Amino acid sequence: MEITTYDEFAQLVERYRIFPFAAFVPEHPSLTTVTAESSWHTETETDPWLWRIRIAQEGKAAYGKFFGAKAAFIQSELFPAMMTLMTGNRTAKERFEAGSMSRAAYRIYGVIRENGNVDSRSLRKEAGFGAKEEKKEYDKGLNELQSGGCIVITGSARQNESWSSMCYETSESWLQSVLEDYESLSVEDAKRRVQETLGSACSEKAYAFFAKKLGLND
């Protein structure tokens with residue numbers, strides 16, 4: 001399978017509901033595996049590197065490192081259930097006070113919540129991780145918030161001619177901007193929703209991978 005247009009990519013995200021950026025799910029396609037290497041970083045409309053931001057900005061899928069350090073796209077209508085599973089239906093404050101969220105992650109989350117959509121360079125400075133030796137802790141906190149369902153990537157801000165900075169927003173804020181109304185679910189209802197959705201969209205091996213990662217059978 002090979003695709004060449006953004007619309008084809010959006011259709012795959014709609015079909016598979018969870019669509020990895022790179023290959024890490026067995027028997028499951030990803031953006032890097034369905035596109036030609038020569039199409040990347042061309043800065044044209046056929047550049048998959050630009051699609052990953054466009055799909056989030058158009059509200060068709062949430063984008064972030066939802067599986068540890070692994071990035072993926074989650075179809076927007078499935079994201080409320082996925083967010084419930086990732087957060088355990090607990091707020092960032094509740095998780096921090098319970099000792100299940102690091103101080104660094106909680107500090108970063110507070111800045112994002114207060115400022116709305118914010119680019120990583122400004123976020124790092126505002127959260128107090130500007131020193132070179134603090135970058136590792138900052139990156140770890142960002143990954144923790146994404147895999148914990150608290151924040152999503154919503155865009156990129158060009159900082160100079162050679163690189164751009166990712167922009168982040170709280171998951172709740174992003175959802176409110178892309179879905180007029182979404183249902184709040186219990187953890188058990190969210191599990192059932194995800195089980196039903198992925199059961200018809202994934203191979204057995206891919207489903208087993210997601211079930212283990214998301215605790216669907218717990």
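Biologist: Which residues does Gln75 touch, not counting residues up to four places away in sequence?

Modeller: Gln75 touches Val13, Glu14, Arg17, Lys60 and Ala61. Contact means heavy atoms within 4.5 Å. Keep in mind that this is a predicted model: local features need pLDDT of at least 70, side-chain atom pairs count only at pLDDT 80 or more, and totals for chains, interfaces and linings use all residues. Residues are numbered from 1 along each chain as its sequence is written, and side-chain values use heavy atoms, with hydrogens and water left out.

Biologist: Which side chain makes a polar contact with the side chain of Gln75?

Modeller: That of Glu14, at 3.2 Å. A polar contact is a pair of N or O atoms within 3.5 Å; within protein, one must be able to donate a hydrogen and the other to accept it, and residues adjacent in sequence count only if both atoms are side-chain atoms.

Biologist: Is Gln75 buried or exposed?

Modeller: Gln75 is buried, with a relative accessible area of 2%. Buried means under 20% relative accessible area, exposed over 50%, and partly exposed in between (1.4 Å probe, protein chains only).

Biologist: Where is Gln75 found?

Modeller: In strand S3, residues 70-75. Strands (E, at least two residues) and helices (H or I, at least four) are DSSP runs, numbered from the N terminus. S3 is mostly covered, with 5 of its 6 residues buried.

Biologist: In which sense do S2 and S3 pair?

Modeller: Antiparallel, over 5 bridges. Two strands pair if DSSP finds at least two bridges between them. Ala61 is the bridge partner of Gln75. S2 and S3 form a hairpin with 2 residues between them. Gly68 in the turn has a positive phi of about 65°.

Biologist: And how many bridges join S1 and S3?

Modeller: 3 bridges, again in the antiparallel sense. Ile18 stands opposite Ile74 in S3.

Biologist: Where do the side chains point in a regular strand?

Modeller: They alternate between the two faces of the sheet.

Biologist: New topic. Which residues touch the most other members in the largest nonpolar core?

Modeller: Phe9, Phe19, Phe73, Ile108 and Leu123, out of 40 residues in that core. Helix H1 (6-16), S3 and helix H5 (103-115) are among the elements that each supply at least two residues of this core. A second, separate core of 30 residues includes Val25, Ile74, Met83 and Leu85. A nonpolar core is a set of buried Ala, Val, Leu, Ile, Met, Phe, Trp, Tyr and Cys residues joined through side-chain atoms within 4.5 Å.

Biologist: Now the rings. How many aromatic pairs are there?

Modeller: The count comes to 17. Rings of Phe, Tyr and Trp (its six-membered ring) pair if their centres lie within 6.5 Å; planes under 30 degrees apart count as stacked, over 60 as edge-to-face and the rest as tilted. Phe21 and Trp49 form an edge-to-face pair, 6.2 Å centre to centre with 70° between the planes. Phe21 lies in the loop between strand S1 (18-20) and H2, and Trp49 in helix H2, 28 residues apart.

Biologist: How accessible is Trp49?

Modeller: Trp49 is partly exposed, at 31% relative accessibility. Phe21 is buried, at 15%.

Biologist: Which charged end sits over the ring of Trp49?

Modeller: That of Arg52, 3.5 Å from the ring centre. A charge sits over a ring if NZ of Lys or CZ of Arg is within 6 Å of the ring centre and within 35 degrees of the ring normal. Arg54 lies over the face of Tyr6, at 3.8 Å from the ring centre.
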